[in-house]
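User: Could you take a close look at one part of this model for me, the packing of its helices and the sheet beside them? I would like to know which residues meet and how the elements are oriented.

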Amino acid sequence: MSVDLESLYTDLHTHPELSFQETRTAGVIARHLADLGLEVEEGVGRTGVVTKIDNGPGPVVWLRADMDGLPVEEQTGLAYASTARGTDPAGNAVPVMHACGHDMHVTALIGALERLVATTSEWSGTVVAVFQPAEEYGAGSQAMIADGVLDRYPRPDIVLGQHVTPLPAGTIGVRPGTQMAASDGLTVVLHGRGGHGSRPHSTIDPVVMAAATVMRLQTVVSREVDPRDVAVVTVGSIHAGLKNNIIPAEAKLELSLRYPDDAARARVMSKVERIIRAEAEASGAEKTPTITTDHSLPPTINDPDATARLTAAFRRAFGEAGVVDPGMFTGSEDVSWFARESGAPLVFWFWGGVDPQTFADALAGGTIERDIPTNHSPFFAPVMQPTIDRGVENLVVAAREFLD
């Protein structure tokens, strides 16, 4: 009996789980893989799932899908919208949503494995399927590697993966070279001196220090990076104080930095650190700010030769018009660790999840940014079809291209 992929997707979308908490999701995946007759290993890198199809001599192809949700409250209005709640690492109760499409990634990979199992007479080699946790933390792939996934399974000759995105359904976006940016997540603690809100002169106010720092950081990209280059400096979180008449002792900022390569990273990082420390000194801080790197992700770089080969295969399968170069995405991914640590080439591509007519209307009206929700939006919801079927077909075409 074939897998009902639409029901699977609906179930996964309704029951998202936060990073490294994907126990229900892992169980659902494991059951479907077992129904396909595959051996399954759970708990890899805490909550990851791995299986393989041994089908004679030939290349080893790794297919990867991530499976964690985000602390976002869904506002899509879908009948199967998530109302799930979770607990974040700080112990806070938060809403949870598949706001980045990882439920679609899992569904497509299970569908592709079903297709590959059913057609073993047509190909030879080994397929290793990796269902990875905690992509949103940038930590899941390294956790699986630290757990020995590259030692227990045949090492890849190529690593393949895909991501659903706001392109028209039926469209593939792929390019050689840097496909996604490198990124760092920073936590910055600005140290002041707390006191009574009625006596600000006796304090060193970290709230004012934080406000000045946030505003000055906006000049890194606008005034210190060549307009022809790519860089992003985002302050995504700011926390300070508990009461209106207490000036707190510290303020915390959480930053997301993005760049295309290591040289740009060094330049942007130095400018960000300079501004943070200078604003603290300008505020009279008696202690240097604490800057902690929470995660650091390399750029997602597609191997030129493998990408050219797969792009040609996609065009043969889906037509010239259905395969585009989407440019470099400033989002980041941790899939490349599997390729980097194994020495294998990587090809990572995007596939569309927006109703083509809706996309065309928004494009014609100049309202793409307003009317087409992006990943991480509370309104993000790929159309179920043809997105699911194309996600499956993409992976099958890609795997078969590199198998014998």
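Analyst: M104, T107, A108, L109, G111, A112, R115 and L116 of helix 3 meet T387, I388, G391, V392, E393, L395, V396, A399 and R400 of helix 12, where contact means heavy atoms within 4.5 Å. The residues of this contact between helix 3 and helix 12 divide into 10 nonpolar, 4 polar and 3 charged; Ala, Val, Leu, Ile, Met, Phe, Trp, Tyr, Cys and Pro count as nonpolar, Asp, Glu, Lys and Arg as charged, and the others, Gly among them, as polar.

A word on the basis: this is a predicted model, in which local features need pLDDT of at least 70 and side-chain atom pairs count only at pLDDT 80 or more, while totals for chains, interfaces and linings use all residues. Residues are numbered from 1 along each chain as its sequence is written, and side-chain values use heavy atoms, with hydrogens and water left out.

Helices (H or I, at least four residues) and strands (E, at least two) are DSSP runs, numbered from the N terminus. The axes of helix 3 (residues 102–118) and helix 12 (residues 384–402) come within 8 Å and cross at roughly 55°. That makes helix 3 oblique to helix 12: angles under 35 degrees count as roughly parallel, over 145 as roughly antiparallel, 65 to 115 as roughly perpendicular and the rest as oblique. Axes are lines fitted to C-alpha atoms, for helices over the stretch in contact, and angles run from 0 to 180 degrees between N-to-C directions.

Now to the second pair. Helix 6 (residues 206–224) packs with helix 7 (residues 262–282) at about 150°, their axes being 9 Å apart. The two, helix 6 and helix 7, are therefore roughly antiparallel to each other. Their contact residues divide into 9 nonpolar, 2 polar and 5 charged.

An open sheet of 4 strands has the order 12-14-10-15, with antiparallel pairing; two strands pair if DSSP finds at least two bridges between them. At its edges are strand 12 (232–240) and strand 15 (290–297), each pairing on one side only. The twist from one strand to the next averages 15°. Strand 12 pairs with strand 14 (residues 250–259) in the antiparallel sense over 8 bridges, and V233 has L257 in strand 14 as its bridge partner. Helix 6 lies across strand 10 (182–191), strand 12 and strand 14, and runs at about 170° to strand 12. Helix 7 packs on the sheet too, touching strand 10, strand 12, strand 14 and strand 15, and its direction makes about 160° with that of strand 14.
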